[in-house]
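Open the structure in your viewer and keep the selection panel at hand. The stops below go from the ligand to a pocket and then to a charged pair.

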Amino acid sequence: MAERTPIMAGNWKMHRDHLEAIQLVQKLAYHLEEQDYEGQDVVVCPSFVSLRSIQTLIQSDRLPIQLGAQNCHSEDEGAFTGEVSPPMLKRLDVAYVLAGHSELRALLDETDEIVNAKVAAIRRHGMRPILCVGETKEEREAGQALEVVVSQLRGSLAGIEVTDDDAEEVVIAYEPVWAIGTGLTATPEDAQEMCAAVRTELASLYGQAVADLMRVQYGGSVKAGNVRSLMAQPDIDGALVGGASLSSEDFALIVGHRRAS
Ligand code: PGA
């Protein structure tokens with residue numbers, strides 16, 4: 001089995017202004033221990049307006065926390081009022097960018113084609129996409145969950161090359177839509193089954209060796225109480241955490257799940 005570096009990421013969504021964001025990261029750093037950063041990527045994804053403040057904080061306090069953005073446009077520049085481009089994010093030392101979060105797919109009608117262009121742009125600028133995929137409650141109940149996830153993967157990764165050398169650079173987050181912000185979590189077994197299916201699809205796109213190196217996160221109501229059983233699954237390489245990442249204590253417990261309790 002290939003060694004994969006787990007990635008624990010907090011997605012704050014449209015919460016916390018830049019002053020609150022600074023406080024949240026300071027408190028998070030206070031609660032985390034050195035060992036929590038070892039062999040694991042710790043990422044926070046604040047809103048665009050907080051990125052510069054958090055970048056400065058990370059630099060000045062030399063925090064081993066990495067910066068993520070929640071979205072980006074696929075073009076480098078242009079007449080796209082209100083949008084933020086990948087080069088702008090790169091200049092802020094953003095390492096990870098979410099692409100295709102279900103809230104954008106649902107609320108802004110983001111298609112796989114749009115997500116695909118964003119993934120390509122993120123890669124082109126040397127950042128790491130976290131490509132979100134996942135089925136709705138209706139799709140799961142209709143027995144279409146796998147089909148939906150596979151089709152999102154194929155569409156969103158079309159033409160995106162991944163090799164042995166950069167397999168860690170492209171991250172997939174399996175986030176069943178019915179589990180996001182609802183308090184419902186996929187059982188560890190169900191989450192594992194889908195993350196394994198994601199890896200099978202990645203193997204068909206990139207070959208087994210590359211797929212074995214790629215990281216597949218689970219997201220959807222991850223909490224301190226369920227993170228261990230999720231992380232114990234062989235194909236789950238991290239968590240994308242929404243609500244629980246807004247509390248520094250709770251997110252620190254999630255990131256620090258490997259500590260003996
Ligand atoms: P949640 O959100 O942890 O609040 O369910 C996860 C996400 O949307 O990334």
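How far is an oxygen atom of the ligand from an N or O atom in the side chain of K13? Select both: the distance is 2.8 Å, a polar contact (a pair of N or O atoms within 3.5 Å; within protein, one must be able to donate a hydrogen and the other to accept it, and residues adjacent in sequence count only if both atoms are side-chain atoms). This is a predicted model, in which local features need pLDDT of at least 70 and side-chain atom pairs count only at pLDDT 80 or more, while totals for chains, interfaces and linings use all residues. Residues are numbered from 1 along each chain as its sequence is written, and side-chain values use heavy atoms, with hydrogens and water left out.

Next, select H101, where a side-chain N or O atom is 2.7 Å from an oxygen atom of the ligand. At S221 a backbone N or O atom lies 2.7 Å from a ligand oxygen. The protein buries 97% of the 280 Å² that the ligand exposes when taken alone (Shrake-Rupley method, 1.4 Å probe).

Now show the shell of 13 residues around the ligand, each with a heavy atom within 4 Å of it. K13, H101, E175, G181 and S221 come nearest. The shell divides into 4 nonpolar, 7 polar and 2 charged residues, with Gly counted as polar.

Move to the largest pocket, which holds about 600 Å³ of space. A pocket here is an open set of points on a 1 Å grid over the protein atoms alone, where a 1.4 Å probe fits, with protein on both sides within 12 Å along at least five of seven lines; lining residues have an atom within 4 Å of a point. The volume is the space filled by probe spheres set on the points. Among its 23 lining residues, select F48, Q70, N71, L104 and L108, which lie nearest the centre.

Last, select R124 and D76, a salt bridge with closest N and O atoms 3.8 Å apart (a side-chain nitrogen of Lys or Arg within 4 Å of a carboxyl oxygen of Asp or Glu).
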